[in-house]
Structure formats: C-alpha cells, structure tokens
Amino acid sequence: MRSPRRCSRNGCPRQAVATLTYVYNESTAVVGPLAAFAEPHTYDLCEPHARSLTAPRGWDVVRHEGEFEPPPPTTDDLVALAEAVREAARPVAPRPPQDDETLNPAPQTGRRGHLRVIPPNH
C-alpha cells in the first residue's frame, strides 16, 4: 500500500487529511479535504494544523465544514511493485548463437535484477 502523505508542517509526523491552497488574486486560503494527488503549490495538513490555520492579515480563510477523513487505502503502488518484481524475475530466453559467435565467443555478462556482473578483461 502507498505510504500515507504526511503533514507539510515542519516536524509534524501526522498523516495529512486536508489540503491548503492559496488563491492569491482573491487573498484567500482554502482548506479542504485531502486532494487526490499531491500538487505543486499546495500543502497537505494534518487535522490539528488544518483546524488551527490562520491566514495573513487581510486574507480570508475558507475552511471545509465537517470531518476531515483520512484517504482510503489504495493498492495502485502495491500492484505496480508486484508487476515490477514479476518482470524482473521473468527468465530471459537464451538466443541461439550466431555463426561468428561460435568461433569467437564474447565474454558473458551476468544479470540479476538491476545488478550486472561484468567479467574482467583478459
């Protein structure tokens, strides 16, 4: 499962449940439910920070009324990881040697996952 997004406030380890967006041309700070994706120029906040947010002097705060719910768990990342592991574990079928390779075989390179073993030059 995806690791939960954390509060953007420095040093806060809590899970984010709200998103803060500044609307500069209207001098407004909007605190709403957690956005589906982390976006640039927005800030994820935990519930205590979302509830206690204050705006600069002369600005308005529009705040979501009601409960901030943590995001539902998603398996997208888990599925992507499982597919990557399956792909890496899939054996590579050996190809038949070409005529010139049987006379002068090239040094073999071993591969395991993302690591390669390169033989020393003779």
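Student: Is Thr28 buried or exposed in this predicted model?
Tutor: The relative accessible area of Thr28 is 10%. Buried means under 20%, so by that cut-off Thr28 is buried.

Student: Where is Thr28 found, and in which strand?
Tutor: Thr28 belongs to a strand that covers residues 28-33. That strand is S2.

Student: Which backbone oxygen lies 2.9 Å from a polar atom of the side chain of Thr28?
Tutor: A polar atom in the side chain of Thr28 has a backbone oxygen 2.9 Å away. The residue that carries this backbone oxygen is Glu26.

Student: Which residues is Thr28 in contact with, leaving aside its neighbours within four places in sequence?
Tutor: Contact here is heavy atoms within 4.5 Å. With the neighbours within four places left aside, the partners of Thr28 are Thr21, Tyr22, Val23, Trp59, Asp60 and Val62.

Student: How many bridges join S1 to S2?
Tutor: Strand S1 covers residues 18-23 and runs antiparallel to S2. In this pair, Ala18 stands opposite Pro33 of S2. The number of bridges joining S1 and S2 is 6.

Student: How many residues has the largest nonpolar core?
Tutor: In soluble globular proteins, nonpolar side chains tend to be buried together. Here the largest nonpolar core includes Cys7, Ala18, Leu20, Ala29, Val31 and Leu45. S1 and S2 each supply at least two residues of this core.

Student: Is Cys7 buried or exposed?
Tutor: Cys7 lies in the segment before S1. Among the residues that Cys7 touches are Cys12, Leu45 and His49. With a relative accessible area of 7%, which is under the 20% cut-off, Cys7 is buried.

Student: How many Å apart in space are Cys7 and Thr19, C-alpha to C-alpha?
Tutor: In sequence, Cys7 and Thr19 are 12 residues apart. In space, their C-alpha to C-alpha distance is 9.3 Å.

Student: What is the phi of Ser27, and what is the phi of His41?
Tutor: Ser27 lies in the loop between S1 and S2 and is partly exposed, with a relative accessible area of 25%. His41 lies in the loop between S2 and S3 and is exposed, with a relative accessible area of 71%. Neither residue is a glycine, yet phi is positive in both. The value is about 50° for Ser27 and about 70° for His41.

Student: Which element of the protein chain has the lowest mean pLDDT?
Tutor: The mean pLDDT of the protein chain is 77, and 61% of its residues reach 70 or more. Among the elements, S3 has the highest mean, 94. The lowest mean is 56, and it belongs to residues 110-112, strand S5.

Conventions: Residues numbered from 1 in each chain as written. Predicted model: local features only at pLDDT ≥ 70, side-chain atom pairs only at ≥ 80, totals over all residues. Heavy atoms only, no water. Helix = DSSP H or I, 4+ residues; strand = E, 2+ residues; numbered from the N terminus. Buried < 20%, exposed > 50% of the residue type's maximum accessible area, 1.4 Å probe, protein only. Polar contact = N/O pair within 3.5 Å; in protein donor to acceptor, adjacent residues only side chain to side chain. Pairing = 2+ DSSP bridges. Core = buried A, V, L, I, M, F, W, Y, C linked by side-chain atoms within 4.5 Å. pLDDT = per-residue confidence, 0-100.
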